[in-house]
Every structure is written in C-alpha cells, then in structure tokens.
Amino acid sequence: MPAPGRSRHLVVLAAALALAGAGAAIESAGLFQRLRFAVQRDLRQLPSTQAVEPETVFRGLPTLSIYFQPQDLQALLENKREHGRAWERRASVSYFNEGRLQFGGEAGVRVHGGGSRITSPRQGWRIFFRRQYGTLKVPRGAIFGPHTDPLKRLVVHNDVRTDADGTQWHLVNPLAYDLARRIGCITPETLPARFVLNGEDQGLFVLTEHFDDEYFDAHMPGHRVTMEIEDMEALRDTIDATRPLTMEAVSELLDLDNVTSWFLAVVFAATRDAYQGPGQFLDEDRDRAGWFWITWDLDQSFRNWDLDSFLYILERVGEPPRGRRASEPRGVVLSTLIAEDQNFREYLARRIDTMLNHQLTPEFLEERRSHYADIAANFGVPTRYLELEREFLARRPAFVRAIAEQWLNTGPGVPVSIERPDGGRLIVDGFEKGDSFAGTYFPGREVVVQSPGARLRWLVNGAPVAEGEELRLEADRPLAVIALAGNAAPPPPAARSPVPEAKAPPLVAAPLEWRQIPPGAVMVGCSETDRQCEANETPRQEVVLRSGFELTATEVTIEQYAAFAHASGQTLPRQPLWSGQGHPVVNITYNEAVAFCEASGGRLPTEIEWEYAARGGRGQTAFTTGPRLDREAVNGKGVGGRDQWGMTAPVGSFPPGAFGLFDMTGNVWEWTSTWYRADAAWAEPRQEAPTSSSPDYLKTVRGGSWDNTTVNLRVSKRVGLSPRGRQNLYVGIRCAR
C-alpha cells in the first residue's frame, strides 16, 4: 500500500487534473466567461456587456443587450412559433443608461409576441429572472421607477409597425399607455431603448413590464390573483344568464370602473385589435368585483382620427361576439349596458366629460406627443408618422365627443367657460385649473367650481347667481362663468354680433307607401339546401296565412320618423354622423317602433308575416335573392356591385324584391312584434309574454343589416333583442297593417 503522505499527494494531483479538465471543457464550450462572472461578479465581463460597442454606451441612450450562446439563439429563431418555459434559454443581460452600465446578470429568455413572431423581421423577447439563473430581479429603480420593484419579468418589444403605404410608427405603445394610465387604466411601465442582440444593433425597441399571475404574487401580497380560463368561462356564463344585465349586477362580478377605463382608452386611441389577451385577472380575495383587466398592446392606435371606435369595439347585431375567446365578457357587458341601462349611460357620460375636460387635455396630449417625438429624433428613427399623430391628437377629442353623443343618445355638448380675472385659484370638478377653464359637457351635467378659502361673487352669463367659495350649476345651456374677488368690477362684456333666432325648417316627409301581401302558404325556417343554419332556425315548417295584409314598401326613413316625433312632442333619437336624407331611421327602441306604426295607422309585423313577405311565395332558398346572395340587390357588409355604401343606404337604392318590397335583406334589421323563441316551437307565438327579468324577454328582429356578413343575411336568420334597448346603428322599422 502507498504511504499516507503519498496518498494525499495523489488525491491532490487527481483533483487538480480534474479541475484542469473541467476548466478546459468549460472553456471549449464557451462557458468560461459565465463561470468567471459567477465567481467575480464583474458586470463588465458579461458577454452581453462586452458585445456592446463603446460608442453606443457613450451616446448615453438607454440600451439593453442580450447575449445567447450562438446555438441557443439559432434554435430559438428556428422555432419562434414555440411557446412556454421549455423554450427558455439561458442568456446574459446588460442594461446601460447615461453612459454607464446600470445592471447585468443572467436570465432565461424566450421569444415574445403573437403574430409578430412570424411577420416581424426583428424578434421581440421575454426575459425571466429566476433563481436557477442566479439573478432574481432587476435592482430597484435600475430600469423603471422604484414602484415596479420587484421587476422579475421584462419584455423587449419590437414596437415598430408599418402601414400599407410604408409609414413606420414608433413608440405607439408608450404614448397610448401614458394616455390610458391618465384615465385610470392599469398599464405596464415602458422605456424606449436601443436593443443589441448578440452584438448586432436591432434599433429602437421598447422595454415593458410583463404582467402575469406571478407579478401579482409579488406586488399584491396577501391576494390570490389568478387568470384561469375556466374561471373566465364561468364568469361569461353568469353574465349571459343575468337579466336584466344592469350596472349594479355587473359591478358585483367585475371591476366596472376598470373595464370602463379600458374602453375609454381604446376608444380615444382608436385602437384596432383592442381585445388583447390574456389580460384578465381574478382577485379571489375581493368580496365583489374581483375581475379586472390590464390595458396593454395598443400598438394599433392613432391611425384614424375619425374611426368610430364604439362601432368597432361593441357587439354587432347578428355577428359573432367580440374578442379572441368566446368567454370574453367586455364586449357584451358594455354593449348591453349602453343599450339598456340609463344609469350606466349617465356614468359613462360623466367619465367621458372627465376624460376630455380634465385628463386628456390639449396641454397634456401635446406634452406627451412632444416627449416621444424627441425620443424618436434622438434614436434616429423615421419620423414621417409624427404629423399624422399630431393631427390625430388635435382632432380626436371632438370626434370622440360626437360619436359618444350619438351612442349615448344625448343632445349636443354644452360649452362652459370659467374665468377668475384676479388670477386666483380655480378647481373644476376636483381638478386644478389655474385661473381659467374652457370645456364641454353633456347636457344636464353638474359642474362644480371651487376656490377654497376665497369668498367670490359668481356671475353666470353676466348675471350674479351666488357668493362663496363654491358654485354648482347645471350645463343646460352655454355657460360663461366669472368669479370676482372683493369689490372687483366685472370685465366688460365681449362685443358680439347679433345672432338671428334659429328657426327649424319645416318637416317634410314622404308619406308611407304600402304594398299588398296576399294570403297563402310558405315554408319558413332553414332552407333545405342551406348548410349554414343555426338551431333556432329549425325545424323548417309550413305556415298558412289565411288573410292578406300590407307592409310598408321601404324601411321608415329618418325624415318620416322625425315628422312623427315632432307631431307627438318627442325627440328624434340621435342618428349616425354618416347617415342622411332618405336613410332608414336607427337607434329606435321597440316601444318607439310600436308607437310610430300605431300613429301611422298600423302595427309591427309578426315574425312569420315578415318571413312570408320576404320569401314572396317563392320556393325555399337561403336568400331573398335566390340560392346565393346578390350584391346587386342587397346592402351588406363591405361594398361590391350596386352596393357602394359602407353603412346604411338610402331606402329604395336597390331593386324591389317580391311583392314590391325594398331592402327586406340588409340595410337595417327590422323589429317584429313576436317574442323571440329559440326552441323547436320558434314559429308559434308565445301564449304569455315573458317577465322583464326573464332571459326570454326578447323581441325578434329579422333581415340583417349593412354590417352583417353573408351568413347573417340569409332570409331565415333570427335574432332576439331586448325591447328595452337602443341597438343603435343596426335596427330600424317596417310597419304592417
């Protein structure tokens, strides 16, 4: 046996040889720098640090560098459709700002993005700081503000989007998030930064906080926040079963302030592809309203200042629900509340007034726009988009108010100006305003003006109305408010040209034209050769109408309804901005439709009368135009053939169909008098009307609209709508007698 001393020497020699072998293996694998960093903790030795050119650092701009082992980067780029933690690869990460290395470490990194994974030439990345990589989080305040601590997940987002004309849009998400945050949304923090990938400059990207349930574990300790799709499906089932669906009922289920903030943000920004996901979270520790949403991925914003985002985001009659998943509740909740709940309409009007008058002010919008324009210039990106963005932010506020007045069925906005000539402090609706304010309010809104600690004399439209530190008034007419301190004299009234008294033009409406519908028999419901029918269109059955009747030749026009409203002392519901002379009236409730027809000596047709007349005694075909939809005879979604209208067409713009009736398919849905049934007895009238709290409290509409696709323009298509609601752009009237 060898001597003990000799044995010890052999052990040491073997260990040394083993270490040398391991070192050689590590070096040959390109891992020595990683090991050296782990031992020395020298951020300058990280591959991601060394990969950045010194001149990039010296420019002082925020810069993030990621360095993968080349084979790992190649594997990720070759499999960029793959998702999940299994496709995470170790990489080093370094962050520079103001000419200094601010942070470095190792993390798991995988590909980020939805469709951009495939379409974008520059890939986005998602960074995860985990214990297994040796770096638990970004140091407090190193990238974002200290309130983001702990920052354990970071998205390196390729924010550039290119329009069809080649215009490149940059920094849209950061600007949209700033606006959304201003009105109360939960949004991720962002920071524009240059991105370097394995030493190659990728250009301007945006660093973004990443939200998931683990984020809330860290930032909302003591709350169990989850995002399970099964819970979302259960929420949607509950919403669908709740009748009537009111603001109070919804507020028991989800955070309605949060959802409304999201809605207003995407409406103002004219965001397309607004229903991003997953962004829904359930705080299981809340007693009520546990569901809330993150407002994120708004890169398709600011393109069209005149986009009607209510139309774009809310549900459309007869079409599939909005959202990427069938469980998405926001579209149906907002659509139903706007259509049916006056309390919610008033709440939404207040939120819009606050947003446009006090939050997204011209000064704030210009400051944010200028801020990101300066960043774009510093990074040297093309700035062609900036003029389009400037025009959008200048024109969008007035357009948002105009479409909101239409969808909420209100009168025109009321201008309000407030001035304190002595330069003292003014607070309007709880917002500091300096010594003056000018805004616009929905009619009837209360305006609250305060000047704490000051006793003022308040003049409204030149007349004294009150004294004290607060004034409350109703915006029922244009208001000019002056607040005078002490014995100050009021300023001289501004010279104004006399305004002639407005006289309403005489209402001239063409009389209703009636068409005779003879008695007879017809097969109603799903056509025998139609493969697109839904269950509520079956079974097909024969009906016999033993007495003839009459229908109006066309849908009722705006002029015809306006004449009725004037004669009966009612108000014409707000009509779309794009509608006009001879177009069908819309935004009509069921009861308003009934009242019009009765005043015209008629009634609403039954559902069976409507289908009998639409088919015109012809055989069973899927469409009123035959086995196929003829765009020469129907106003449906899009344009083509004779259909050159993007929205409604003037009545009678297409050739008449059977019995001399116009637009029995397309243009607008038409109310019928029949309570909706979805069962096999759908063609039989209900013996008793359902209660107002029943899910069956629905009236049938027929015919499809200008915003329906071909499958929903079939003659047997049936939809049930609440008679208490305004279905806005889609539903009109045709009378029978």
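**The barrel and its helix**

Tutor: Helix H15 (residues 362-379) lies across strand S8 (190-197) and strand S9 (200-209), and runs at about 15° to S8. Helices (H or I, at least four residues) and strands (E, at least two) are DSSP runs, numbered from the N terminus. Axes are lines fitted to C-alpha atoms, for helices over the stretch in contact (heavy atoms within 4.5 Å), and angles run from 0 to 180 degrees between N-to-C directions. This is a predicted model, in which local features need pLDDT of at least 70, side-chain atom pairs count only at pLDDT 80 or more, and totals for chains, interfaces and linings use all residues. Residues are numbered from 1 along each chain as its sequence is written, and side-chain values use heavy atoms, with hydrogens and water left out.

Both S8 and S9 belong to a barrel, which seven strands close in the order S1-S2-S3-S4-S5-S9-S8 with mixed pairing. On average, neighbouring strands of this sheet are turned by 35° against each other, direction ignored. Two strands pair if DSSP finds at least two bridges between them. Opposite isoleucine 66 stands valine 93 in S2.

Two bridges link S10 with strand S11 (residues 280-283), where leucine 282 is the bridge partner of threonine 226.
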